[in-house]
Number of protein chains: 4
Amino acid sequence: MANSKYILAKERVLRDPILNFIRVEDQTILDLINSSEVQRLRRVKALGVANLVFHGGEHSRFQHSLGVYEITRRMITHFDVNRPTFWNHDEDIVVMAAGLLHDVGHGAYSHTFEHIFGTNHEQFTQDIILNPDTQVNQILSARDKDLPAKVASVIAKTYENRLVISMISSQIDADRMDYLLRDAYYTGAEYGKFDIERIMEMMIPTDDGIIFNEAGVHTVEDYIISRYQMYIQVYFHPVSRGMEVVLENLLSRAQAMYNEKLEPELFFSTIAKVFEVGKNISTEDYLKLDDGVFTTAFSIWRDSKDPVLSDLSRRFLDRIPFKSIPYSESKLRSLEAEVEAGGFDKFYYSGTNNANNIPYKSYSNRNKKNKPIQFAIGGDLENQKGLSSLSTIVKALDDDEITDNRFFFPKELLETDDNLKKIYATSRRSI
Amino acid sequence: MANSKYILAKERVLRDPILNFIRVEDQTILDLINSSEVQRLRRVKALGVANLVFHGGEHSRFQHSLGVYEITRRMITHFDVNRPTFWNHDEDIVVMAAGLLHDVGHGAYSHTFEHIFGTNHEQFTQDIILNPDTQVNQILSARDKDLPAKVASVIAKTYENRLVISMISSQIDADRMDYLLRDAYYTGAEYGKFDIERIMEMMIPTDDGIIFNEAGVHTVEDYIISRYQMYIQVYFHPVSRGMEVVLENLLSRAQAMYNEKLEPELFFSTIAKVFEVGKNISTEDYLKLDDGVFTTAFSIWRDSKDPVLSDLSRRFLDRIPFKSIPYSESKLRSLEAEVEAGGFDKFYYSGTNNANNIPYKSYSNRNKKNKPIQFAIGGDLENQKGLSSLSTIVKALDDDEITDNRFFFPKELLETDDNLKKIYATSRRSI
Amino acid sequence: MANSKYILAKERVLRDPILNFIRVEDQTILDLINSSEVQRLRRVKALGVANLVFHGGEHSRFQHSLGVYEITRRMITHFDVNRPTFWNHDEDIVVMAAGLLHDVGHGAYSHTFEHIFGTNHEQFTQDIILNPDTQVNQILSARDKDLPAKVASVIAKTYENRLVISMISSQIDADRMDYLLRDAYYTGAEYGKFDIERIMEMMIPTDDGIIFNEAGVHTVEDYIISRYQMYIQVYFHPVSRGMEVVLENLLSRAQAMYNEKLEPELFFSTIAKVFEVGKNISTEDYLKLDDGVFTTAFSIWRDSKDPVLSDLSRRFLDRIPFKSIPYSESKLRSLEAEVEAGGFDKFYYSGTNNANNIPYKSYSNRNKKNKPIQFAIGGDLENQKGLSSLSTIVKALDDDEITDNRFFFPKELLETDDNLKKIYATSRRSI
Amino acid sequence: MANSKYILAKERVLRDPILNFIRVEDQTILDLINSSEVQRLRRVKALGVANLVFHGGEHSRFQHSLGVYEITRRMITHFDVNRPTFWNHDEDIVVMAAGLLHDVGHGAYSHTFEHIFGTNHEQFTQDIILNPDTQVNQILSARDKDLPAKVASVIAKTYENRLVISMISSQIDADRMDYLLRDAYYTGAEYGKFDIERIMEMMIPTDDGIIFNEAGVHTVEDYIISRYQMYIQVYFHPVSRGMEVVLENLLSRAQAMYNEKLEPELFFSTIAKVFEVGKNISTEDYLKLDDGVFTTAFSIWRDSKDPVLSDLSRRFLDRIPFKSIPYSESKLRSLEAEVEAGGFDKFYYSGTNNANNIPYKSYSNRNKKNKPIQFAIGGDLENQKGLSSLSTIVKALDDDEITDNRFFFPKELLETDDNLKKIYATSRRSI
C-alpha cells in the first residue's frame with residue numbers, strides 16, 4: 001500500500017480491545033509511535049476528569065491516537081475497494097501520520113488548561129510537528145522534507161486535498177469514530193456502540209470528502225444517535241463538570257499565589273514554567289506537562305498554608321465535586337451572593353459551565369467539520385442526498401442544540417442554604 | 001442484607017464494564033469509597049508497567065478495588081441461596097470492607113518499589129487500616145471500634161472465620177477473579193475470560209472456606225486455564241519485564257545519587273522522603289507516592305547531569321525496554337561481562353528477572369492461598385473431591401511450574417555483540 | 001418468592017445466550033415448559049421467513065417463550081426492590097405462566113397463515129389454555145382451578161390487575177424486550193441491542209401499570225430507537241416480504257386445488273384439515289401444524305402436475321423471492337396488467353404487502369399496548385412526565401408512521417418489462 | 001482474487017453473527033448458494049437434537065456452510081500475506097466450493113439416520129456434486145467440466161493438493177473452526193470461543209498443509225482447549241444422547257412396521273422411500289428428507305395404533321429423553337433384564353451410546369484429519385515443532401481419550417427399579 005521502501009520486513013500487530021488489532025506496516029509510522037512526543041500521550045488521560053464519574057474511563061490519548069491511525073489505514077483499504085484507482089497512495093503516509101499525531105499537542109486536562117492559560121492544543125500539535133527539535137519532526141523530515149508541513153496542514157485543515165482532511169476531521173472522521181467507540185468501551189456505556197466496520201464499508205472517496213453508499217443510511221443514523229447519547233450521558237455529565245470547575249478554580253488560585261510570590265516553594269521546576277509565562281510556554285516545556293505533574297503539584301499544594309489552595313487541592317484529589325443547578329444569566333449575581341453568604345469566596349468556590357453541542361447540522365457552513373453527511377443514491381455519485389432527508393431521527397436532531405448551563409457551588413451549601421437546597425432537589429439533570 | 005442501620009436511603013449504582021454494575025447499599029462502604037486513601041488508588045495503575053506492552057491496560061487499582069468489593073457482595077447473595085442461614089450477616093461489613101481495602105497499601109509500581117525499598121504492600125494495607133489518622137480507620141471505627149482490627153486481620157489471614165479469609169484470598173477469591181477479568185477486558189486478551197456468574201452460582205460456603213458444587217467442574221476448570229493463559233501471555237511478558245528492569249536500575253541509580261548528595265535539587269519534597277528513610281517511610285508520606293509522582297521525578301531526572309540517571313529516565317518515559325534472553329546462573333557472569341564489554345555499566349544496564357508461578361496445586365500446604373479447590377459430589381458436603389481428580393487439564397497443570405528466567409540488556413548490544421545477537425535470534429519467548 | 005408449596009427442591013437453570021440464564025424455581029412452570037403444547041413451539045420459527053434474509057435468525061418461539069417467562073420473573077424481583085410490599089406474590093404464577101404461554105397459539109408462518117385461513121393466534125392461545133384436553137390446561141388447573149381463566153384473561157387483556165397485563169403487553173413489556181434482543185442477537189443486527197437490565201432496574205410498579213424512574217430516560221430512549229431500527233431494517237425487509245407473498249400465493253393456489261379436488265393425494269392427513277375446515281380447525285388439529293408440516297407439503301407439491309403449485313413451491317423452498325417496488329393504489333391495476341402481459345397469472349404471481357408501524361405514540365388511546373411511557377420525576381409517583389416530553393429523539397418519532405407499501409412480482413419480469421426494470425432501478429428501499 | 005471473469009459486478013455481503021460478514025465476490029459461489037441442494041440445508045439443524053438440551057442451538061447446516069466458505073476465503077487472503085506468491089489462485093474456486101458444499105450430503109439427524117439406514121453423508125456429498133442432475137453439479141460444470149470431480153475429491157481427501165484438503169479437513173480446518181464458534185455462539189457456551197482471526201493470521205501455507213507461526217502457540221492452544229470443552233459439555237451431553245436413543249429406537253420400530261406392512265398409511269410418499277430401499281435411496285429422494293419430514297412423520301405416527309411407535313414418537317416430539325447411567329459390557333445383559341422386568345421391551349426401550357473422542361494426537365497416523373499441528377519456530381519453515389512439545393496443556397490432552405459409555409432407559413424406571421435408581425443417584429455425569 002504505502003511506499004514500498006518504508007514497508008517493514010515484519011508487520012507489527014498490536015492487540016486493541018476496540019479495533020481488535022492495530023497493524024503497523026510502515027517504518028515511519030513505527031518510528032512515530034516510538035517517538036518521545038507520542039509516548040508522552042500515555043500520560044494524558046483521554047477523558048480528562050470524566051473517569052471520576054465513569055471509573056472505567058481511564059484510558060490515555062496514546063491508545064486513542066493509535067486507534068485513529070488504524071482507522072485511517074482501514075479507510076484507505078475500503079477506498080480502494082469501493083472506488084478503485086481513485087485514492088492516491090502517495091497520500092497514505094500523510095493521512096496516517098496526521099491520524100497518529102492529531103492529538104500530540106494535547107496536554108493534561110486540556111479543556112481547563114486552555115481556559116486558564118489561553119493555549120490551544122491544535123496549535124501545539126502543529127508546533128510539535130513543525131519544530132525541528134522534536135523527534136516527530138525529525139522522523140517525518142527524514143522521509144520527505146515537505147512531510148511535516150503537509151501533516152501540519154492537515155491538522156490546520158488547509159491541506160489542498162480535502163478528502164485527506166475529511167478523514168481526520170468531518171462528521172464521520174477517524175478521530176470521532178475512535179473516541180466514541182473507545183470511550184464507550186472503557187466507560188461501559190453500551191449505547192455508544194455503532195458498527196464502524198459497516199460504516200467504513202459504505203465510504204466512497206470523492207474530491208470533496210467522503211460520501212456514503214445509500215445502503216449505509218441506517219448504520220450512519222445509528223452512529224449519529226450513539227454520538228448524541230454519548231454527549232448527553234457521558235461528556236456533559238454534571239458531576240465531571242463539577243470536578244472541572246474545582247480544577248479551574250484551583251489553577252486560578254495557584255496562578256494568583258504565583259503572581260503574588262506566595263509560597264514559591266510549592267512550585268517545582270516543571271510546573272512553575274506555565275505559571276511564569278502562560279501561553280508563551282515553549283514547546284519543550286509544554287511537553288513536560290502531563291497528568292502526573294499536575295496531581296503531584298496538587299499533592300504538594302494540599303499541604304499549603306493557603307486555605308483555599310489547600311482545600312481545592314484536597315477536593316480535586318479526593319474527588320469532592322461541586323454540586324450544580326441550572327441557572328440563567330439574570331440569576332447569576334444572586335447565586336454568587338448566596339455562595340458568599342454561606343461563607344465561601346465566590347471567586348474560588350463557585351463557577352459556571354455551559355455545555356453546548358449541536359448533534360447534527362443539515363446544512364454546510366464555514367466550519368468544515370460540520371459539513372452534512374451525503375449519500376450516493378443507488379451508488380450514483382451524481383445523485384446525492386443529505387442524511388437529514390433520509391432519516392427521521394436525524395432530522396429531529398437537526399440543529400437541535402443540546403444546552404445545559406449550570407452553576408456550581410460547594411455541596412456544603414446544600415446543608416445551610418434552603419434556596420439552593422430546594423432548587424437542587426427539584427432540578428435533576430435536565431438533559 | 002447488611003446492618004439495616006447503615007443501609008443507604010438510596011442505593012448507589014456505578015456502571016462497570018466488567019461486572020456491569022457495582023452496587024453500594026451500605027453507608028460505611030460508600031464512605032470508604034469516598035475516603036482519601038481509597039481515592040488515591042485512582043492514581044496507581046493496576047498493571048504496573050504492563051500497559052507499555054498491552055496499551056489498553058491502563059486501568060487503576062481503584063476500579064479493581066470496587067470490583068473486588070462487588071464480588072464479595074454477590075458471593076454473600078449466592079451463599080444465602082445455596083446454603084440458607086449458614087452465612088452470618090454480621091460478617092457482611094467485614095468482608096466487603098476487606099474486599100474494598102485489600103489493595104489500599106499498594107503504591108506505584110509496587111513490585112519494583114518493594115524490591116528497591118524493602119517495603120511490603122500488605123503490611124501498608126494493614127497499617128493504613130489500623131492507623132487512627134487515616135480516614136479509612138475513622139470510618140470503620142465509627143461503626144464499630146473493633147472493625148479496623150477485624151478487617152486488617154482478614155488481610156493478614158489471621159481472622160478467625162476462615163470462610164471470610166477465603167473470600168478475599170484463596171484459589172478462587174474475589175481479588176483474583178476481578179483482576180483476571182478486568183485485566184483481560186482492558187488488555188483485550190480474550191482468553192482471560194471465564195464465567196464468573198456461573199462460578200459464584202456453584203459456591204457453597206463451609207466453615208473451612210468455599211467449596212463448589214460438582215456441576216461447576218468445567219466452569220472452574222475454565223477459570224484455571226484462563227488464569228494460566230493470563231500468566232503466560234500477559235503477566236510474564238518479557239517486554240514489560242524489560243521495562244521493570246529499566247525502572248529498577250533507574251531507582252537504584254537515584255538512590256545512589258541521593259546517598260552521595262549528587263544534584264539534590266532533583267529530589268522534590270514528595271519523592272525525597274522514600275530515598276531518605278526507605279522502608280521506614282511513614283504511612284502519611286507513603287500515601288503521597290503515586291504513579292504521577294514517579295513519572296514527574298523521571299521527567300526532572302531526564303535533565304540530570306548524570307548520564308546514567310538521565311538515560312535510564314529517558315528509556316523509561318519513552319518506553320525503550322531492555323531486550324532479554326533466557327539464562328542460567330552459570331552464564332550470568334559472562335553475560336554481564338559482555339554488557340561491560342559493550343560499553344555499559346553492568347550494574348545499571350543489565351539485570352535478571354525470574355518469572356515463576358505454579359498454576360495449580362492439588363495438595364494443601366502452608367500457603368492457604370493455594371489450598372486445593374474442592375467439589376461437593378452430587379452436592380453432598382461430606383463427599384468432596386479435589387479439582388485435579390476431576391479435570392484432566394488441571395491435573396496436567398498440577399505443580400507444573402511456569403518458569404522463565406531472563407537476562408536483560410540494552411538493545412543497542414544486539415547491533416554490536418554477535419553472541420547476544422545469536423542467542424536472541426534463536427531464543428524467542430520460551431513460555 | 002412464589003407459593004412455597006410449588007418451589008422446586010432443586011432450581012433448574014437453563015443457559016440462554018441472550019439472558020444468560022433462565023431460572024425455573026416453580027414446579028408448575030417446569031411442568032408447563034415440559035408440556036406438549038409448549039414443546040411444539042420448538043418447531044415454529046420466531047421470525048417466520050425472515051431467516052431467508054438474515055440467515056442467523058433461525059430461532060424458535062420456544063426459546064422466545066422461555067425468555068418472556070424469565071423477564072417477568074426478573075421484573076418481580078425489581079418490583080420488590082423498587083417498591084417494597086407493593087407487588088402481590090399471589091400473582092407470580094399468573095404472570096409467569098402468561099409470559100411462558102403468551103405465544104402458545106402461534107402456528108407456522110403465523111402472519112401469512114392467519115391472512116389465508118382467517119385465524120387469530122391470540123384466540124388460539126386462549127383456547128389452548130382454556131381447553132381441558134390440553135396438558136397446559138391440566139397443569140394450571142391442578143394448581144388452582146381458576147388459574148387457566150386468569151392466565152387466559154391476561155392474554156385477552158381483560159384481567160383485573162392492569163399491572164400484570166402491562167408486564168406482558170405494553171410499550172415495554174417482557175414480550176417485546178425478549179424478541180427485540182433475541183432477534184438482534186441471532187440475526188447479528190447490532191443496533192437492536194439495549195440495556196434490558198438497566199430498564200428493569202428503573203421499573204416502578206403502579207396500579208395502572210409499570211412506570212419508570214426518571215434516571216432511566218436515556219435507557220428507555222435507546223430501547224425505543226432500537227425497536228425503530230429493528231422494524232426498519234429487519235421486520236420490514238422487502239426481501240422477506242417478497243417470500244411472504246410467494247407463500248401467500250402458494251397457499252391460495254393449494255386452497256383452490258383442494259376446493260376443486262385436484263390431485264387430492266397431495267394433501268396428506270395433517271395438512272388436509274386446515275384446507276377442509278379453515279378457521280374452524282379444532283385445537284387438536286391446529287396444534288399439529290408446524291413449520292415442518294408445511295415444508296413437507298411444499299416438497300410434495302413441488303412434484304404436482306399443476307404448474308403454478310409446483311413452481312410456487314419451488315420458489316419458496318429454494319428461496320426465490322418476488323421482487324418489489326413501491327406503489328400507490330392508483331397504479332395497482334396497471335402493474336397487475338404488466339404482470340399478465342409478462343405471461344404470469346396476476347393472482348398467483350403478484351401481490352401487495354403494506355408494512356406499517358408507529359414507532360411510538362405519546363398519547364393514550366384505546367389500544368392499551370400503546371399507552372405512553374411515563375416517568376416518575378425525581379422518583380415521585382405523583383409527578384409523572386411522558387417520554388416524548390423528555391426525549392428529543394422519541395418526540396421526533398412520535399406518531400411518525402413508518403410506511404412501506406410494495407407491489408411484488410417475479411424477478412423474471414425485470415428482464416422483459418422495461419417499465420418495471422426502470423422503477424426497480426430507481427426505487428431502492430425507501431425505508 | 002478469483003478468476004476475474006467470474007467476479008460479481010457487485011459484491012454480496014451477508015450479515016453473520018459469528019464472522020460478522022460473509023462476502024461473496026464470485027458468481028459461481030453465489031449460484032451455488034442459491035442452488036436447491038444448498039438451500040435445502042436451511043431445513044437441517046446443525047446440532048441434530050442438541051437443541052433439546054441447549055435451547056439456543058437451533059441453527060441450520062446452511063449457515064454453517066456459508067461460514068466454512070467464508071473462512072476458506074479469508075484463509076487465502078492470509079496465505080497471500082504470510083507467504084506471498086505461494087498460493088495458486090486457480091485453486092480458489094476449488095477450495096471455496098468445497099467449503100460451501102462439504103455438508104451438502106447431510107440429512108436430518110445424520111448420526112442416527114446413518115446408523116439406522118447404513119448411509120454415509122460424505123458419500124452423499126460426493127454423489128450430489130458428481131450427479132449431473134443436481135443444480136450444484138451443473139453450476140460447477142458450467143465453469144469448468146473438471147470442477148465437480150476436483151471438488152468431490154477434496155471431500156474424499158484424494159485431491160492432489162494436500163494444502164487444499166487441509167483447509168477443509170485437518171486439526172484446524174475451516175469446518176471445525178466454524179462449527180465450534182457457531183455452536184458456542186448459539187448455545188451460549190462461552191468456553192467454546194477462541195480467536196479465529198488471530199489463528200488465521202498465524203497460518204503459513206506449505207505443500208504439506210497449513211502450519212503455524214510460533215507466535216500463535218497460545219492461540220492454537222486455546223482453540224484445542226475450547227474444542228475439548230465443547231465436546232465434554234455440549235456434544236457429549238447425556239441428555240441429548242438420551243434423545244438420540246429415543247430417535248434410534250423410534251426409527252427401528254418404524255422400519256419393523258414398514259417391513260411387516262403394518263399401518264402402511266402412516267408412511268406418506270416422501271418418508272416411505274427410505275424405509276423401502278434403505279441405503280440404496282436415490283440422490284433425488286434423499287434430498288427430500290429434511291428435519292421437517294421426520295417430525296411430520298412422527299406427528300402422524302403419534303396417532304398410530306402401535307403403542308411403541310406412538311409412545312416413542314410422543315417421547316421424541318415432547319422431549320422426554322431416556323435417562324442414563326454409565327455401564328460396562330459385562331453388565332449390559334442384566335441392565336436389559338431390568339428394563340424388561342420393569343415392563344418395557346428392551347429392544348425399543350433401552351440402548352447404549354458410547355461417546356468417544358481423542359482431543360489431540362501428537363503423532364501422525366493414517367487419519368489425515370488428525371495430523372499433528374506444526375509450528376515454524378521463529379517463522380522458519382525448516383525448523384518445525386509439534387504443538388504437544390510447546391504446550392503443557394495440550395500435552396496433557398495428548399491421546400487422552402474422552403470416553404463416556406452410557407446405558408439408556410425410560411425415566412419411569414427410576415420410580416420402580418431400586419438398583420437403577422441407586423446407580424443413577426451416585427453416578428452423575430462422569431465426563
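A word on the model before we start. This is a predicted model, in which local features need pLDDT of at least 70, side-chain atom pairs count only at pLDDT 80 or more, and totals for chains, interfaces and linings use all residues. Residues are numbered from 1 along each chain as its sequence is written, while chains are lettered from A and ligands numbered from 1 in the order in which they are written.

Let's begin with chains A and B.

Now, the contact itself. Two residues are in contact if their C-beta atoms, placed from the backbone, lie within 7 Å. Chain A brings 34 residues to this contact, and chain B brings 34 residues. On the side of chain A that touches chain B, helix α16(A) gives the most, with seven residues. Helices here are DSSP runs of H or I with at least four residues, strands are runs of E with at least two, and both are numbered from the N terminus. Because 100% of the interface residues of chain A are also interface residues in chain B, the copies meet through the same surface.

Next, look inside chain B. Helix α5 (residues 110–117) and helix α13 (residues 238–259) of chain B pack at about 35 degrees, with their axes 10 Å apart. Those axes are lines fitted to C-alpha atoms over the stretch in contact, and angles run from 0 to 180 degrees between N-to-C directions. Among the residues making this contact are His111(B) of α5(B) and Leu247(B) of α13(B).

Staying in chain B, how many residues of helix α4 (residues 92–101) are buried? Ten of its ten, including Val94(B) and Met96(B). A residue is buried with 20 or more other C-beta atoms within 10 Å of its own, exposed with 12 or fewer, and partly exposed in between.

Finally, find Gln374(C) in strand β7 (residues 374–376) of chain C. Gln374(C) counts as buried because it has 20 C-beta neighbours inside 10 Å. Leaving aside neighbours within four places in sequence, Gln374(C) is in contact with Ile211(C), Gln384(C) and Gly386(C).
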